[in-house]
Number of protein chains: 2
Amino acid sequence: MKAIVLIMDGLGDLPNAKGQTPLSAASKPNMDELAGQGQAGLYSSIARGVIPGSDTSHLNIFGYDYREYYPGRGPLEALGAGIELKPGDIAFRANFASVKGGKIIDRRAGRLPTATSRKLARYVEKSRIDGVTVQFMNTVEHRGVLLFRGKGLGAEVSGTDPHVLGPLGVSKPLAPGAKNKKTADVLNKFTKSAMKKLEGAGETRGSRVPANAIIARGAGAYAVVPSMEDRYRISAACVGGGALYKGVAKYVGMDVLEVEGATGDKKTNLKAKADAAAAALKDHDYVFVHVKATDNFSHDGNFGGKKEIIEKVDELLVSKLMEEEAVFVITGDHSTPVERRSHSGHPTPLLISGRGVRKDTVSRFDEMACMSGGLCHVVGTGLMDIVLNEMNKAKMIGT
Amino acid sequence: MKAIVLIMDGLGDLPNAKGQTPLSAASKPNMDELAGQGQAGLYSSIARGVIPGSDTSHLNIFGYDYREYYPGRGPLEALGAGIELKPGDIAFRANFASVKGGKIIDRRAGRLPTATSRKLARYVEKSRIDGVTVQFMNTVEHRGVLLFRGKGLGAEVSGTDPHVLGPLGVSKPLAPGAKNKKTADVLNKFTKSAMKKLEGAGETRGSRVPANAIIARGAGAYAVVPSMEDRYRISAACVGGGALYKGVAKYVGMDVLEVEGATGDKKTNLKAKADAAAAALKDHDYVFVHVKATDNFSHDGNFGGKKEIIEKVDELLVSKLMEEEAVFVITGDHSTPVERRSHSGHPTPLLISGRGVRKDTVSRFDEMACMSGGLCHVVGTGLMDIVLNEMNKAKMIGT
């Protein structure tokens, strides 16, 4: 049996004054039908009450315990941006920022448009510092990836992005050793040289504040890990828009499909994603479908927007995919309550449905109804084990 | 309070087209009554979604974490066959096979009758190879146990049973070290010499294919482990027919009772087992009762047979034992869905009933009803802790 695993980012929420969450308020007949046919429960992707990051949660969803496999955010973003990494490469998340008198006055350089960002990137895209090849690649808007390739580099360093306005950060080793010191040195030298180069690039700024610096964070060393095919004997594909999610998928060996209109934001083309997922199911055992917009609306504190995107996912995506002969799994990577506008440690609702799945008494898919579900509370990498078992691909322990 | 722990092997199943499992379709008023009086839940003997073997699952049921205590299948089978083991002994599961031109043409030598097997075993029962005493003992039909006793033997070796038809396997060390190499050498020499000896035993074959080889698998080194009495301060007894289950019971220090008619198969005498368990309860705190036939019917894909044996267990065994003043625990070691004809990672239904046990809302004992039970999802060795607590034999942590 094949599996479709739909992750609605930040799906879980908290009840408002009327006792409703965006999910419970939404009209979503297809998800409710799946819940009615199969089993429901709750899912905590890291541990109960712990707030998952987007990277660690997805590793755990795919059965890769983040405590063993998490390479840091940088390499995952780099992979998601389509950059080929080699073992030992050090990658950072990086972005254009505005600096004045040594202080960051805008961490996103006025959310620089992608076209401008692309032009500016040419000034700093490749350099060689202390024998290390340094590459900067812009991605979406002000964002990009910074890559160090060379011998003797460590990943345990602080970034130059202080995460708040104020003095530009200076990278420091976070653990002893010449390797970490070297990485920090190269990053600090790159930061200075990039500021000089960008100063001369003023004519292409196109932003109300100068895009005159590159700040970096999330250092990580890339290493090859066993693929899902190696570990589970299944072929897997990813249908998603956001770079991070594609990066995690690539890291664990999924085929990352490029879907026109899958933008990783609120305007994503859900119909195109449904078609791509259905097509992927023909030659893959496990199809991961990621929808980011639920999380975006949560971060904006937009209850109505989150409710509506859930309704659209139900109408355009779930309705089509539930016709497939496959185990259908729907959950979130974490909760992002609209009220908090940030990730939380509350579990997300979970459903597993399909032919041969035992049926519980739950017939609605939301945070409250799922509490009575037969799956009880699933935690961490345990979800992958349960999905593999429903696919009849689980391993036996003992004889 | 004493405890009766009834394990119906491979009990859990998946719903058929009508939404029924053998257990939910069965008429089993006594189990339902126990469920109604006590608490229900689900049990995964290894971990959720993971497929348990028969050996590892029973170790965990008795609270012996298989990751620490699993000695391999060989020693457990040997103990179950009534063989006295000494620490350091290497034991294998072994059986007669038919070999032609170096290739296995029948892994069971036509399911050799036990009487013939007994005669043939005399030809190969004892030898001395490289200073190691090698013993072969037949058990049921084509099956037997191979035992190496001597100094400097390791257990990390592959067997000679390739598990498929084709070339006879050659044992190889699976880890470095002279000890493993020695065991592999002795096994390979035994295999050759046994073939020679069996060639001269043609007149007693009594099978349509020649029983001219012995193949071995499941190597393990025996070590003494603390008994249940040592660990929990309870006396325990086993009422079961299958050699493996008796072996695990003996390994953890239970008194293994010989019950006439407890055959470990579909013809087992359930009434005799009920009488034996009731008698054992007089001088034991914990009585483990094992019924294998549920699993056998599952492996045959026989829904009706599994349903009927559950009904018989209810009528002949549960009805009698529920009269005893004891905590009554009923579950499976794993699921063996009739449709899959093999073990699966789905949880099994679980009930714990008896005087003083809290009561939940579940009043039926099956895979679906138990999802709503007060025990939620019990995993691994956790079941033993819960049972010990109901027996008022649990340990305090702290003061």
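Hi everyone. Some ground rules before we look around. The model is predicted, so local features need pLDDT of at least 70 and side-chain atom pairs count only at pLDDT 80 or more, while totals for chains, interfaces and linings use all residues. Residues are numbered from 1 along each chain as its sequence is written, chains are lettered from A and ligands numbered from 1 in the order in which they are written, and side-chain values use heavy atoms, with hydrogens and water left out.

Let's start with chain A. It has an open sheet of 8 strands with mixed pairing, in the order β11-β10-β12-β1-β13-β14-β2-β15. Strands here are DSSP runs of E, at least two residues, and helices are runs of H or I, at least four residues, numbered from the N terminus; two strands pair if DSSP finds at least two bridges between them. The edges are β11 (255–257) and β15 (377–379) of chain A, each pairing on one side only. Neighbouring strands are turned by 25° against each other on average, direction ignored.

Now look at β2(A), residues 39–44, which runs antiparallel to β14(A), residues 348–353, with 5 bridges between them. Gly41(A) sits opposite Leu350(A) there. Helix α2(A), residues 29–37, packs on this sheet, touching β1, β2, β13 and β14 of chain A, and its direction makes about 65° with that of β14(A). Contact means heavy atoms within 4.5 Å, and axes are lines fitted to C-alpha atoms, for helices over the stretch in contact, with angles from 0 to 180 degrees between N-to-C directions.

What about β10(A), residues 236–239? Are its faces covered or open? Both are covered: Ala236(A) and Cys238(A) on one side, Ala237(A) and Val239(A) on the other, are all buried. Buried means under 20% relative accessible area, exposed over 50%, and partly exposed in between, with a 1.4 Å probe and protein chains only. β10(A) pairs in the parallel sense with β12(A) over 4 bridges, and with β11(A) over 3 bridges.

Over to chain B. Its open sheet of 8 strands, again with mixed pairing, reads β12-β11-β13-β1-β14-β15-β2-β16. At the edges, β12(B) and β16(B) each have a single partner strand, so one side of each is left without a neighbour in the sheet. Inside it, β1(B) and β14(B) run parallel over 6 bridges, with Val5(B) partnered by Val329(B). Helix α12(B), residues 303–321, lies across β1, β13 and β14 of chain B, at about 170° to β1(B).

One more helix: α9(B), residues 243–251, has 7 of its 9 residues buried. Those buried residues pack against elements of chain B including α3, α5 and β13. Gly253(B) follows α9(B), with a positive phi near 90°.

Finally, the cavities. On a 1 Å grid over the protein atoms alone, a cavity is a set of points where a 1.4 Å probe fits but cannot get out, and lining residues have an atom within 4 Å of a point; points are joined across faces, edges and corners, and the volume is the space filled by probe spheres set on them. Of the 18 lining residues, the closest to the centre are Leu375(A), Ile386(A), Glu390(A), Arg48(B) and Pro347(B). The largest share, 3 residues, comes from α13(A).

Thanks, happy to chat!

Methods:
1 Å grid on protein atoms, 1.4 Å probe; cavity = no way out; pocket = protein on both sides within 12 Å on 5 of 7 lines; lining within 4 Å.
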